[in-house]
Amino acid sequence: LASFKKKAVFSISDMLIQEMLYGGNIAEMFQSAFSTPIPRWFTTGVASYIAYGWDKEMDDAVREYVYHNQVDKFARLSPEMNELIGRSIWNYVVQKHGP
């Protein structure tokens with residue numbers, strides 16, 4: 001049941017973020033501000049952070065991955081690692097500036 005709830009929160013968060021960025025009047029505002037599309041690591045990272053939060057295992061996984069791999073672009077990461085590193089960026093934002 002907890003897993004279903006987290007998946008539901010992720011799906012709803014992702015949908016709302018996509019709607020805020022690409023739908024309605026807000027989309028026109030963002031489209032004029034950004035010349036390129038917003039990357040998925042950004043949106044799935046924040047949706048994942050909202051739904052699943054952050055824990056020590058994730059921290060260790062990102063640290064281990066970054067230490068052992070010389071990937072310089074998000075586009076070269078696997079979708080799972082792309083999301084996890086995006087989530088780690090949002091964790092940093094929350095740690096630095098608060099929820």
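A: Start with a pair of residues on one helix. Lys56 and Asp60 both lie in helix H4, 4 residues apart, or about one turn of the helix. Keep in mind that this is a predicted model.

Q: Why look at residues three or four places apart?

A: An α-helix has 3.6 residues a turn, so residues with that spacing point the same way. Now the case here. The side chains of Lys56 and Asp60 meet in a salt bridge, at 3.0 Å from N to O.

Q: Are Lys56 and Asp60 buried, partly exposed or exposed, and which is which?

A: Over 50% means exposed. Lys56 has 58%, so Lys56 is exposed. Asp60 has 31% and counts as partly exposed.

Q: How many salt bridges does the structure hold?

A: The structure holds 4. One of them joins the side chains of Asp59 and Arg63, at 2.6 Å from N to O. Asp59 and Arg63 also lie in helix H4, 4 residues apart. Asp59 is partly exposed, with a relative accessible area of 27%.

Q: Next, rings. What describes a pair of aromatic rings?

A: Two values do: the distance of the centres and the angle of the planes. A search of the whole structure finds 3 aromatic pairs. Take Phe10 and Tyr52. Their ring centres are 6.2 Å apart and their planes are at 25°, so the pair is stacked. The cut-off for stacked is under 30 degrees.

Q: Where in the chain do Phe10 and Tyr52 lie?

A: Phe10 is in helix H1 and Tyr52 is in helix H3. They are 42 residues apart, so look at cover next: Phe10 is buried at 18% relative accessible area. Tyr52, at 29%, counts as partly exposed.

Q: What kind of pair do Trp41 and Phe42 form?

A: Trp41 and Phe42 form an edge-to-face pair. The centres are 5.9 Å apart, with 75° between the planes. Trp41 is buried, with a relative accessible area of 18%. Phe42 is partly exposed, with 29%. Ring pairs also link Trp41, Phe42 and Trp90 into a cluster.

Q: Trp90 is in H5. How do I read that helix?

A: Check length, then cover. Helix H5 runs over residues 79-97 and has 19 residues. From first C-alpha to last, H5 reaches 27 Å, close to the 27 Å expected at 1.5 Å a residue.

Q: What covers the buried residues of H5?

A: The cover includes helix H3 (40-52) and helix H4 (56-68). Just after H5, look at Gly98. Gly98 takes a positive phi of about 90°.

Q: Last, the surface. Which residues form a nonpolar patch there?

A: Ile12, Met15 and Leu16 do. Together they have about 310 Å² of accessible area. Met15 sits in helix H1, residues 2-22. Its relative accessible area is 51%, so Met15 is exposed.

Conventions: Residues are numbered from 1 along each chain as its sequence is written. This is a predicted model: local features need pLDDT of at least 70, side-chain atom pairs count only at pLDDT 80 or more; totals for chains, interfaces and linings use all residues. Side-chain values use heavy atoms; hydrogens and water are left out. Patches are made of residues with over 30% relative accessible area and no salt bridge: like charges are joined within 9 Å, nonpolar side chains (Val, Leu, Ile, Met, Phe, Trp, Tyr) within 5 Å. Accessible areas come from the Shrake-Rupley method with a 1.4 Å probe; for residues, only the protein chains shown count as cover. Helices (H or I, at least four residues) and strands (E, at least two) are DSSP runs, numbered from the N terminus. Buried means under 20% relative accessible area, exposed over 50%, partly exposed in between (1.4 Å probe, protein chains only). The expected span of a helix is 1.5 Å times one less than its number of residues. Contact means heavy atoms within 4.5 Å. Rings of Phe, Tyr and Trp (its six-membered ring) pair if their centres lie within 6.5 Å; planes under 30 degrees apart count as stacked, over 60 as edge-to-face and the rest as tilted.
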